[in-house]
Amino acid sequence: MDLDVFVSAHRAEWDRLDALLRRQRRLTGAEADELVALYQRTATHLSLIQSSAPDPQLTGRLSQLVARARGAVTGNRRASWRDVTRFLTQGFPAAVYRSRHWWVPTALLSTLVGVVLGWWIGTHPEVQSSIAAPSQLRQLTRPGGEYETYYSSHPAASFAAQVWTNNAQAAAMCLVLGIFLGLPVLWILFQNMLNLGVGIGLMSSAGRLDTFLGLILPHGLLELTAVFVAAGTGLRLGWTLIDPGPRSRRTALAEEGRAALGMAIGLALILFVSGAIEGFVTPSGLPTWARVGIGIAAELAFLTYVYVLGGRAVRAGDTGDVDESERSATLPTAA
């Protein structure tokens, strides 16, 4: 594309659109129709320039012009409770359901890694001695030791808030760092599974694995599932950078990135629930079967939510992305 020729051919249209947007009086019917037509053409011009002859100054000017025109055409829109309801019943579960081919294998493989690490640590005393001194290990694993008192060492409300903040940060890092080909996500996953494996290994070597599972399962099922969903989504985002499919790389990353951003908000709510369970249920005086039962019920509720509501939304065409009216104009891409 000869950019100078292109600008000369369409500058008058852009100037006319800018003039219409600056009108203080109400537009006539003919002027409103003209504004819509110029907005559509200018959005197409912007896409052409971005894909064929990117020029930062011109792209910036046209982006602002298209954004102003879109606001004039569609009107200012404020978020409402209807948007929140749609997000919780369609957008978020659809995004999680659509990513299931990434996060389900991630969950299975990560759990296997955690179990293998736990077996390795639990059956090799020399590995245990490299973790801490024998006296420190006994302090960790004995009845009433640090593994047990950890969950009741702080007031339940502040402990739940701290756990929620830490887990939300880990999930957000998985989502954001996925853009780096997913490599940081694998490291975060390994660190989580190593911590789990250390707990399994040390407590099993002390003959108290049942106690450890009774403490970790009530909140850990939902908490780890949320981390696995975030990690799988981050890996998918990284793979999109490698193989965007029939979409342009820019469009694919924009779509998947917006869906990932929405998932970060939804997962923060899920982790809030798991944090509340960890703060109030795990250290409670309830019998082990009741605490574990609450954790299993929360996990089944989340999976049902994803597979029922999410599956229904995906079959209806929802992808977890924002509404089409709120997306930037793009040109069709041939498959």
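A residue counts as buried under 20% relative accessible area, as exposed over 50%, and as partly exposed in between (1.4 Å probe, protein chains only). The model described here is predicted, so local features need pLDDT of at least 70 and side-chain atom pairs count only at pLDDT 80 or more, while totals for chains, interfaces and linings use all residues. Residues are numbered from 1 along each chain as its sequence is written, and side-chain values use heavy atoms, with hydrogens and water left out.

The whole structure contains 8 salt bridges, a salt bridge being a side-chain nitrogen of Lys or Arg within 4 Å of a carboxyl oxygen of Asp or Glu. One of them joins Arg 61 and Asp 15, with an N to O distance of 2.9 Å. Arg 61 belongs to helix α3 (residues 56-74) and Asp 15 to helix α1 (residues 3-22), 46 residues apart; helices are DSSP runs (H or I, at least four residues) numbered from the N terminus. Arg 61 is partly exposed because its relative accessibility is 33%, and Asp 15, at 37%, is also partly exposed.

A salt bridge also forms between Asp 18 and Arg 68, whose closest N and O atoms are 2.8 Å apart. Asp 18 lies in helix α1 and Arg 68 in helix α3, so this pair ties together parts 50 residues apart in sequence. Asp 18, Arg 22 and Arg 68 are linked in a network of salt bridges.

In a further salt bridge, the closest N and O atoms of Arg 86 and Asp 318 are 3.0 Å apart. Arg 86 is partly exposed, at 27%, whereas Asp 318 is buried, at 9%.

Methods:
Helix = DSSP H or I, 4+ residues; strand = E, 2+ residues; numbered from the N terminus.
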